[in-house]
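Please keep the sequence and the coordinates in view while reading.

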Amino acid sequence: MSTATKPYDKRERICVSHYPLPADPPDVSEVPMLMNLDSPSTRPGEKAMYIHIPFCDKICNFCPFNKQLMDESKLESYLVRLKREITMYAESPLVRSFTFGSLAIGGGTPSCLSAGQLHDLITHCRTVLRFGPEAEISAEGNPSNFTGEKLAAAREAGCNRISFGVQTYNDRYAGMLEIPQDPATSRLATRVAREAGYDNVGIDLIYNLPEQTLDEWRADIEEAIDWRYDHVTLFSLIIPPFTRLFSKIDTKRLRPPGDHDHEVAMYRLAAGMLREAGYEQYSVYDFALPGKINKHAVLYFSEQQDLLGVGAAAFGYLGKYMYVNKGPLADYQGAVDQGELPVLIGSRADREEEMCGTMAKGLRLFSVSRRRFRSLFGCDPTDVFGEKIDRLAAQGLLEVTDEEIRLTEDGVFWGNNVCREFFSARYTEIEAIPREVLARGRLMKAGQAAPRRIRD
């Protein structure tokens with residue numbers, strides 16, 4: 001893909017996770033009503049759940065999410081409130097009517113929890129909530145602290161999927177990113193997870209690092225293939241404000257990532273290698289061996305099911321209400337102690353916004369089923385978005401079949417941009433809260449400037 005054929009000035013690297021975009025701080029007393037918590041669900045199918053653990057043994061210099069350094073007493077206090085929040089939802093008619101098909105524990109670093117804490121948290125969820133017999137229960141972790149004891153405890157409690165934040169197998173770039181482990185530790189953690197009985201182990205890798213060559217990136221992909229990971233997620237480097245990585249590049253202590261053409265070459269190389277090795281690409285980021293596609297993503301993005309999000313700065317989508325929880329521990333725990341759901345900000349979707357969200361979120365996983373869209377809304381996507389779909393198809397980014405609206409090969413590379421084409425006027429014509437702020441579960445103060453970004 002040459003610069004001359006670029007359909008957008010810049011490749012959007014941040015995926016669509018929230019839709020509608022949370023925009024309004026709610027009245028605390030109205031949150032249950034906004035979520036329809038007092039009414040059982042009328043939409044069939046399994047639901048998804050996410051838990052956020054905002055603690056890390058070491059803070060990676062590129063991470064924009066809500067996190068803080070590990071503190072055992074703070075963690076213990078947090079887990080008490082976290083289980084209380086889960087129970088509050090479990091007692092509502094809406095969530096009582098749910099059968100969950102997935103639980104994803106992310107962060108932060110969930111592997112900061114002890115073996116006993118991991119076991120207790122998963123067990124609590126499975127005790128107060130209903131899970132399907134084939135539920136996917138997944139925990140993210142760091143190779144440096146996801147010990148055999150923790151892996152075994154999580155598995156005993158019902159965890160059946162592990163995702164390691166490897167990021168790179170190159171010693172130089174591991175140091176550059178200030179990740180907690182060296183490559184040798186990542187390799188050891190993989191063996192330990194397999195020995196603990198996990199047959200669904202994934203990793204995250206980051207590319208287009210400052211000065212990273214194609215050969216260095218090829219070596220990382222070759223290693224992922226050699227280990228035969230079940231799932232591989234590839235992220236092009238993002239340089240979020242508020243991070244040490246941003247500061248280093250902004251002050252020229254570190255060179256910026258490669259240009260657009262270099263990023264394209266790295267993406268094409270990795271995608272081709274993984275596909276040739278038998279992996280199926282099912283999102284802009286994700287590759288999986290047969291039968292190992294992330295069920296959590298399918299439920300939320302493709303099937304448009306409710307997502308129960310709990311924990312500090314977690315996001316969720318319940319009863320057509322998209323929300324983000326309060327991020328600072330004091331704010332989160334204070335709300336729970338008051339018997340309140342700790343929602344910071346949210347937006348409720350009307351029928352138009354639901355249709356926009358079905359397209360914007362659905363295309364993250366490459367396609368939107370026309371049959372499913374019609375079953376949800378009584379009309380076809382082409383009836384609602386025909387002009388937009390025709391334009392994107394003419395640009396070579398979408399293809400339309402009798403069954404689905406689907407990203408083309410070029411559309412996959414520009415997938416995050418294409419997803420945003422389906423935002424409603426409300427979210428394209430107003431200045432949204434910067435995602436770097438939202439990811440931390442905080443609001444900008446009055447008069448505070450939006451975070452400055454590194455220019456590509």
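On a 1 Å grid over the protein atoms alone, a cavity is a set of points where a 1.4 Å probe fits but cannot get out, and lining residues have an atom within 4 Å of a point. Grid points are joined across faces, edges and corners, and a volume is the space filled by probe spheres set on the points. Rolling a probe the size of a water molecule over the atoms shows where empty space is left.

This is a predicted model, in which local features need pLDDT of at least 70 and side-chain atom pairs count only at pLDDT 80 or more, while totals for chains, interfaces and linings use all residues. Residues are numbered from 1 along each chain as its sequence is written, and side-chain values use heavy atoms, with hydrogens and water left out.

How many cavities of 30 Å³ or more does a search of the whole structure find? The search finds one, and the space in this largest cavity is about 70 Å³. Its lining consists of 13 residues, and Gln 304, Tyr 317, Glu 354, Thr 358 and Lys 361 are those nearest the centre. Helices here are DSSP runs of H or I with at least four residues, strands are runs of E with at least two, and both are numbered from the N terminus. H13 supplies the largest share of the lining, five residues. By type, the lining of the largest cavity has six nonpolar, three polar and four charged residues. In this division Ala, Val, Leu, Ile, Met, Phe, Trp, Tyr, Cys and Pro are nonpolar, Asp, Glu, Lys and Arg are charged, and the others, Gly among them, are polar.

Now the overall build. The protein has 19 helices and 17 strands. Its radius of gyration is 21 Å, close to the 23 Å that the globule rule gives for 456 residues, so the protein is as compact as a globular protein of that length. The radius is taken over C-alpha atoms, and the rule is 2.2 Å times the number of residues to the power 0.38. Along the principal axes, the C-alpha atoms fill a box of roughly 55 × 55 × 50 Å. Of the 456 residues, 57% count as buried, where buried means under 20% relative accessible area, exposed over 50%, and partly exposed in between (1.4 Å probe, protein chains only). Among contacts with a separation of 6 or more, 75% are between residues 24 or more positions apart; contact means heavy atoms within 4.5 Å.

Strand S1 (residues 47–53) has seven of its seven residues buried. In a regular strand the side chains alternate between the two faces of the sheet. In S1 both faces are covered, with Lys 47, Met 49, Ile 51 and Ile 53 buried on one side and Ala 48, Tyr 50 and His 52 buried on the other. Two strands pair if DSSP finds at least two bridges between them. S1 runs parallel to strand S4 (residues 100–107), with seven bridges, and parallel to strand S11 (residues 307–310), with four. Tyr 50 stands opposite Ala 104 in S4 and opposite Gly 309 in S11.

Another pair is antiparallel: strand S13 (residues 321–325) and S14 are joined by five bridges. Met 322 stands opposite Ser 347 in S14. Five of the six residues of S14 (residues 343–348) are buried.

Some backbone details remain. Tyr 19 and Pro 20 are joined by a cis peptide bond, with omega about 0 degrees, and Pro 20 is in the segment before helix H1 (31–34). A cis bond also joins Gly 107 and Gly 108, with omega about 25 degrees; Gly 108 is in the loop between S4 and helix H4 (115–128). Asn 36, in the loop between H1 and S1, is not a glycine but has a positive phi of about 60 degrees. Asn 208 has a positive phi near 60 degrees and sits in the loop between strand S7 (201–207) and helix H8 (214–226). Are these two residues buried or partly exposed? Asn 36 counts as partly exposed because its relative accessibility is 31%, whereas Asn 208, at 1%, counts as buried.

Tyr 207 lies in S7 and is buried, with a relative accessible area of 2%. Beyond neighbours within four places in sequence, its contacts include Arg 11, Trp 217, Phe 235 and Tyr 267.

Definitions and conventions:
On a 1 Å grid over the protein atoms alone, a cavity is a set of points where a 1.4 Å probe fits but cannot get out, and a pocket is an open set with protein on both sides within 12 Å along at least five of seven lines; lining residues have an atom within 4 Å of a point.
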